[in-house]
Amino acid sequence: MPFARRQFPARTPRVTPPQLHVLTRPPIPGEFVPPHYFRKLQRAELCNGDRPIEIDLGTGDGGFLMDMAQHFPERDFIGVERLLGRVRKVCRKSRRRGLDNLRVLRLDSKYVVEWLLPEASVSRIHLLCPDPWPKARHHRRRLVQVPFLEAVRKALIPGGEFLFMTDHEEYFEWGVETVAEFGKFERLEWTEDSFFYPKTDFQIQWEGEGKSMFRLRCRKAG
Ligand SMILES: C[S@@+](CC[C@H](N)C(=O)[O-])C[C@H]1O[C@@H](n2cnc3c(N)ncnc32)[C@H](O)[C@@H]1O
């Protein structure tokens, strides 16, 4: 019996209301809106000339990012944050402080690192006080996983660094073990006073409650 090819009706692409909002809402002054969401960015689309770029994943209220941008005017900073209200707040405060080397990208951190950042483009990637997803059944939602580290490594320039800080000891141990399993980073020393590193908003809050921070600093070999 001849093979009968099944016919499928032509499908109209569906855009959900949140997607439509992303595509149609006017950009916030100070927001970084990529020229394209479905291909890797080019370095020139991320920053001016060959200035160093630093990325802060899950930037929250942006205290850390703004202090960094003020301290290092010769570098460019991009905060990644999925909550629109926080993006608006950081953009507003950063404009008030006259920081023209800081922009905020409203998107999922994992997507940005794995799909948007160009290879060998970023000097430092910061992941500070991320959600620890403490329940075992939620561990797969943690950002620090081997494929994520592979994408971080690709995005970093030779000698670039990935800095991970958390108050959650078990997530910290998970980070140390995952970096060891990944095996392509060199671990560097990082204590509170190793170099200029402003406190984050959550860090200030948690240290005020008597919690300690755990730090992991990794370098991409040249
Ligand atoms: C606990 S807060 C820490 C904020 C900031 N780093 C600090 O230390 O003050 C985590 C932030 O990451 C954001 N966030 C969580 N998961 C994210 C993701 N997958 N992509 C982008 N932002 C995320 C949350 O909305 C929140 O603002």
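Reader: Hello! In what order do the strands of the open sheet stand?
Author: Seven strands build an open sheet with mixed pairing; two strands pair if DSSP finds at least two bridges between them. Strands (E, at least two residues) and helices (H or I, at least four) are DSSP runs, numbered from the N terminus. The order is S3-S2-S1-S4-S5-S7-S6.

Reader: Before we go on, what kind of model is this?
Author: Residues are numbered from 1 along each chain as its sequence is written. Local features need pLDDT of at least 70, side-chain atom pairs count only at pLDDT 80 or more, and totals for chains, interfaces and linings use all residues, since this is a predicted model.

Reader: Which strands stand at the edges of the sheet?
Author: An edge strand here has a single partner strand, so one side of it is left without a neighbour in the sheet. That describes strand S3 (102-105) and strand S6 (185-188).

Reader: Which residue stands opposite Arg103 in S3?
Author: Strand S2 (residues 76-80) pairs with S3 in the parallel sense, over four bridges. Opposite Arg103 in S3 is Ile78.

Reader: Which element gives the largest share of the shell around the ligand?
Author: Among the 19 residues around the ligand, the nearest are Gly58, Gly60, Cys129, Thr200 and Phe202; a residue is near a molecule if its C-beta atom, placed from the backbone, lies within 6 Å of it. Helix H5 (109-116) and helix H8 (201-208) are the elements that give two or more residues to this shell. The largest share, three residues, comes from H8.
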